[in-house]
Amino acid sequence: MTEYAEMLKKYSDLGAELTSEEELEVNRKAEKLLSYSMDFSTLMSELTSWETMEVESLIEWVKIKLACSKEFQDFNLADVLESLVLRCIAKHVEDGNVPALEKLGKLIEDLDTGGYIDKADLEAELNFPLCNPAVSLCLEQIGLMDIASQLDVPWKNNEKQIKGFLSMLLKCVVNGEGKEITRTIARVAFTKEEPELRRKRATVILEKLTANLLECVRTKDHVD
């Protein structure tokens, strides 16, 4: 609920009372944040894989389950859908499940196009550091979080993920893969218009990758 508190503090610092429109905005934000913190998975427990359902069928299912649920019946449909989707994104990223992310990406696009969710709200909640080259690239390709934004996530407290990313990227390059994500990182590193910290981090990754490749050559490991 931090964002909610921040919004209230902003108006308090201005010494102004909330207008009706501002109050509605704050309350709506609070409702959304509350929904994002809730686990609605019990609504979907009877389904084998709701992520592959047709949008119309999914919407009808969630509407019916919400209407029949004493616990969740007052929640907004869009907020519930976004909460469900956010939890699935996090799970697939953690599992390194690229095919599942790709399928979920298609569903997100359909839900957004149909006006059932706001994809921009989902994007604003994502905060994944570079963790797995295939996953990082997939997040960019399905339009949820580009590589540049992943580079912006603080490295402090994410050292394990960054080291894992570098290790997996090296294996990809050694095996003749990883060209697209390496090219993307290089573009960030050499684009002057990019923020300085983002460029610096991209440069560090390229330098470490190069050093690791040279070490492979020195130790006569196979490099294409």
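I began with helix H11 of this predicted model, which runs over residues 196-218, has 23 residues and reaches 33 Å from its first C-alpha to its last, close to the 33 Å expected at 1.5 Å a residue.

Which residues of H11 are buried? I noted Arg198, Arg201, Ala202, Ile205, Leu206, Leu209, Leu213 and Cys216. I kept in mind that an α-helix has 3.6 residues a turn, so residues three or four places apart point the same way. When I looked for what covers the buried residues of H11, I found that the cover includes helix H8 (147-152), helix H9 (159-174) and helix H10 (179-189).

I next turned to the largest pocket, in which about 170 Å³ of space lies. Its lining consists of Asp39, Ser41, Met44, Trp50, Glu51, Leu84, Arg87, Cys88, Lys91 and His92, which I sorted by class into four nonpolar, two polar and four charged residues.

Trp50 came up again in the largest nonpolar core, which has 38 residues and where Trp50, Val80, Ile89, Val93, Ile108, Leu111 and Leu139 have the most contacts inside it. At least two residues of this core come from each of helix H3 (55-68), helix H4 (77-95), helix H5 (98-113) and helix H7 (133-141), and H4 gives the largest share, eight residues.

Technical notes:
Residues numbered from 1 in each chain as written. Predicted model: local features only at pLDDT ≥ 70, side-chain atom pairs only at ≥ 80, totals over all residues. Heavy atoms only, no water. Helix = DSSP H or I, 4+ residues; strand = E, 2+ residues; numbered from the N terminus. Expected span 1.5 Å × (residues − 1). Buried < 20%, exposed > 50% of the residue type's maximum accessible area, 1.4 Å probe, protein only. Contact = heavy atoms within 4.5 Å. 1 Å grid on protein atoms, 1.4 Å probe; cavity = no way out; pocket = protein on both sides within 12 Å on 5 of 7 lines; lining within 4 Å. Points joined across faces, edges and corners; volume = space filled by probe spheres on them. Nonpolar A, V, L, I, M, F, W, Y, C, P; charged D, E, K, R; others polar. Core = buried A, V, L, I, M, F, W, Y, C linked by side-chain atoms within 4.5 Å.
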